[in-house]
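Welcome! Please have a look at the view below before reading on.

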Amino acid sequence: MTVNDISRRRFIGQTAAGLGVVSLLGCSAHFSHWRFFTEEEAKLVEAITGQIIPADDDPGAIEAGVVFYIDKQLVGPLAAYQADYRRGLPLLQHTCRKMFGKTFLELKWEEQTTVLKALESGNVDQQEWGEQSPQRFFSLLRDHTMQGFYGSPRHGGNRNYISYKMLDLDMPYIIGQNRYRQS
Amino acid sequence: MKKPNQTTMILLAGALTLALLIAFGAFFTWWSLASPRKTCLSCHEMQTNYDNWADSYHRDINCKSCHGGALSNGWHSMLENGRRVVGHFSGNSRPELAMQEEQILRILPRCKGCHEAEYADWQAGGHSVTYADIYLDATHNHTEQPHNDCMRCHGMFFSGNIAEIVTPVNNQGPWRFVDAEKAEQPVIPCLACHHIHRPGQPAQAPDYAEPQMIASTRPARLVNVEFYVRSEKTHFAAADLPALKLWEGARPVQVSDDVRQRVCSQCHAPDAWHQAGTSDDRTPRGVHEGLSCLACHAPHKHETAQSCGNCHPALSNCGLDVKVMDTTFRDPASKNNIHFAKCADCHKDGRTSTRKAG
């Protein structure tokens, strides 16, 4: 092996290392907890889920982390609904402003309920919503909230089996192996 | 055109190599010393892990003490990082950051480095049992063929199915591992019961200025014990696991409310009908009903010899030293199982009614 060979190998090795460094530095972008939502969207969706399944004696959708379920699934199996959220959320805010002159998060609890009821019944500024169906958007939010609340934690929601505890389901089940020698 | 001569080539390559080496060395030093906020976290996907760590009892410990530096895991980890970045920029959504069994096992020697006593105890107790002990046990396999559910309690971090561990998947055998390396790996590693990225408080010194107040002001500090639930690919804190409801016939058994025992009960569990003593259930009944496993079993090593003296005076109800009485403590072959023995098991003639005062 010649001197030249060695240094070329080293050269390639170091270059690869250098590229590794670059690739590590390359991801020093902004931080986000979210996969799909922006920080504001996430706050909004979280509040909506809290309206749909509020906490009473038992925890609700916020405590169960339902917004994490929706966020996670929107870049997975529910990707088809991305556009519905991107279009629907601003329209919902628009409806809030129209009805109360405030954004959803600034509204009182009862006012938030009123807005969601308006969506559910389609009783909104049709001109602004145009092609979009407020009823459809509401039922989407409701379905996804239910899924996140009652589904398995592995999909992102139902944190610590919160809803199963409410239903008095002992999860994870306590079941021993099939024992051939019983003591 | 004049070819550059070989010396120039060597010099050039040498200079480049040197420059890269210096840059790289500087980077490596920085990487090893800088705050995790600047290094590990530069992949923003780790924000959540960082937050969890910053609130954990390991908050004073650098990411690298457990995960290794960018390079100490070798090119492999670098490649992984590379892939993650590629996946990220190709818009291919955010990859899940979950550790594979291989990485979980690679961390074990690091736990050992700081928790030598616990590691040694674990090694000496039954929980350091290996894949070979569990999956090549002929008696067990002949009676019940290996299946996916075994991994709920043995090998919870393995991501594949049973056919990827042992072959053939039947009750005839002879069985062998698909990957011979599995044989010596532990099936119940530290992380089966401990979760690192979760909230916890490091221990703190009391206020010595008021010595008489130390006891009353000491904050309750529970050691964090969790259980890795394979089906959910996540840990559950002991307090979030269900409490065992157990029956002896129709009688509800009084089960200790020590939450740590809920972890034990996930594996040392009764059958689906929760009849006491079925399957691997060891929940105490009889004279020890209501006691927690950890009242007698030291964690990790499970030795019990020191525990009797915590509760038993030199002479017991029976006027005897409990350690030499006929139970499975003294002799594993005894018919009086220490977990289940009742007064009546030894006093069939009803002599217990003549119990002396004092």
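## Getting oriented

Helices (H or I, at least four residues) and strands (E, at least two) are DSSP runs, numbered from the N terminus. This is a predicted model, in which local features need pLDDT of at least 70, side-chain atom pairs count only at pLDDT 80 or more, and totals for chains, interfaces and linings use all residues. Residues are numbered from 1 along each chain as its sequence is written, chains are lettered from A and ligands numbered from 1 in the order in which they are written, and side-chain values use heavy atoms, with hydrogens and water left out.

## Cis peptide bonds in chain B

Let us begin with the loop between β1 (166-167) and β2 (176-177) of chain B, where P168(B) has its place. T167(B) and P168(B) are joined by a cis peptide bond, with omega at about -5°.

P174(B) also sits in the loop between β1 and β2 of chain B. Here the cis peptide bond links G173(B) to P174(B), and omega is about -10°.

## Positive phi angles

Next, look in chain A at the segment after α8 (162-166), where D168(A) lies. D168(A) is not a glycine, yet its phi is positive, about 65°. With 60% relative accessibility, D168(A) counts as exposed (over 50% relative accessible area, using a 1.4 Å probe and protein chains only).

Back in chain B, H302(B) belongs to the loop between α11 (293-296) and α12 (308-311). H302(B), a residue other than glycine, has a positive phi near 70°. Its relative accessible area of 23% makes H302(B) partly exposed, a term for values between buried (under 20%) and exposed (over 50%).
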